[in-house]
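Thank you all for making time this morning.

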Amino acid sequence: MVNRVVHHIQLGKWPYWKTLELQKYLIEKYKAKNLEGDKVVGAIITVEHDPPVYTLGRREKEDEELVNRLNLLGAEVFKTKRGGLTTFHGIGQLVCYPLLNIQHLRIGVRQYIHMLESVVIQVCSHFGVKAVTNEDTGVWVEDGKICAIGVQVTHGVTWHGLALNCSNDLKWFDHIIPCGLHGKSVTSLSKETSVNISPKRTEGVLVSCLISAFGLKLFKGTCYK
């Protein structure tokens, strides 16, 4: 039987760079050759990034002018190796990084992304928001993107993940073309419901849906931070 026990690492408000370093550490821990006999084979990180940060995906060309302009807004800017283009993370947005060995779980990359999208649709439905997928990766409410998804797989382990807009200030997206999609808008759970739906309120629902979708079990013990 495949071991599916994982940690849930709740970081609260954390800088992007520190979370990135934690992910790199966990990749080494959970890559295939290290799993034998281990009680825990993965982790789900949930976090709100503070200070605000723009991240550039591996398909984004280097643009010093863009980086300088975004820095002047008071945001950090990081070039990453995840899929996709530029997006934003900040307070009020629930970011989730599943660190899962999909080889161990016998899940393909495309299937994994579709499963993440389905999980987010379930979360939105829980709060009365009808969300869908389309030809562009992520989750949408009509033409408004409510959740960006960008992943990378290293040594069979997934990292990076999804960013669900809960109660964040959407004006930060005005300074970029989110995920490189022209003519599209962004939205949030709070905007769609006219109710303040915070990441803290959303976090448990998201993790529960992830656990169910991937057939995982939460480890009851000491966690990282």
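Let me begin with a question of place: where is glutamate 142 found? Glutamate 142 sits in the loop between strand E7 (139–141) and strand E8 (144–154), where helices (H or I, at least four residues) and strands (E, at least two) are DSSP runs numbered from the N terminus.

Before going further, please keep in mind that this is a predicted model, in which local features need pLDDT of at least 70 and side-chain atom pairs count only at pLDDT 80 or more, while totals for chains, interfaces and linings use all residues. Residues are numbered from 1 along each chain as its sequence is written, and side-chain values use heavy atoms, with hydrogens and water left out.

Now to the backbone. Most residues other than glycine have a negative phi, and most peptide bonds are trans. Glutamate 142, however, has a positive phi, near 55 degrees, and it counts as exposed because its relative accessibility is 72%; here exposed means over 50% relative accessible area, buried under 20%, and partly exposed in between, with a 1.4 Å probe and protein chains only. Serine 194, which is not a glycine either, has a positive phi of about 60 degrees; it lies in the loop between helix H5 (189–193) and helix H6 (199–214), and at 69% relative accessibility it counts as exposed. The peptide bond from aspartate 50 to proline 51 is cis, with omega near 10 degrees, and proline 51 belongs to the loop between E2 and strand E3 (53–56).

Let me turn to charged pairs. The structure holds three salt bridges, each being a side-chain nitrogen of Lys or Arg within 4 Å of a carboxyl oxygen of Asp or Glu. In one of them, lysine 13 pairs with glutamate 48, and their closest N and O atoms are 3.8 Å apart. That pair links distant parts of the chain, with lysine 13 in strand E1 (residues 5–14) and glutamate 48 in strand E2 (residues 42–49), 35 residues apart. Glutamate 48 counts as buried, because its relative accessibility is 13%. Glutamate 21 and lysine 24 meet at 3.5 Å, N to O, and both lie in helix H1 (residues 16–30), three residues apart, about one turn of the helix. Lysine 31 and glutamate 28 form a salt bridge at 2.7 Å, N to O; lysine 31 is buried at 11%, whereas glutamate 28 is partly exposed at 39%.

What residues line the second largest cavity? They are Val6, Val41, Gly42, Leu100, Asn101, His104, Leu105 and Leu216, where a cavity, on a 1 Å grid over the protein atoms alone, is a set of points where a 1.4 Å probe fits but cannot get out, and lining residues have an atom within 4 Å of a point. About 30 Å³ of space lies in this cavity, a volume being the space filled by probe spheres set on the points, which are joined across faces, edges and corners.

One of the lining residues is asparagine 101, which is placed in the loop between strand E6 (93–100) and helix H3 (102–105) and counts as buried at 1% relative accessibility. The side chain of asparagine 101 reaches the backbone oxygen of tyrosine 30 at 3.0 Å, and a polar atom of that side chain lies 3.1 Å from the backbone nitrogen of glutamine 103.

Note on methods:
1 Å grid on protein atoms, 1.4 Å probe; cavity = no way out; pocket = protein on both sides within 12 Å on 5 of 7 lines; lining within 4 Å. Polar contact = N/O pair within 3.5 Å; in protein donor to acceptor, adjacent residues only side chain to side chain.
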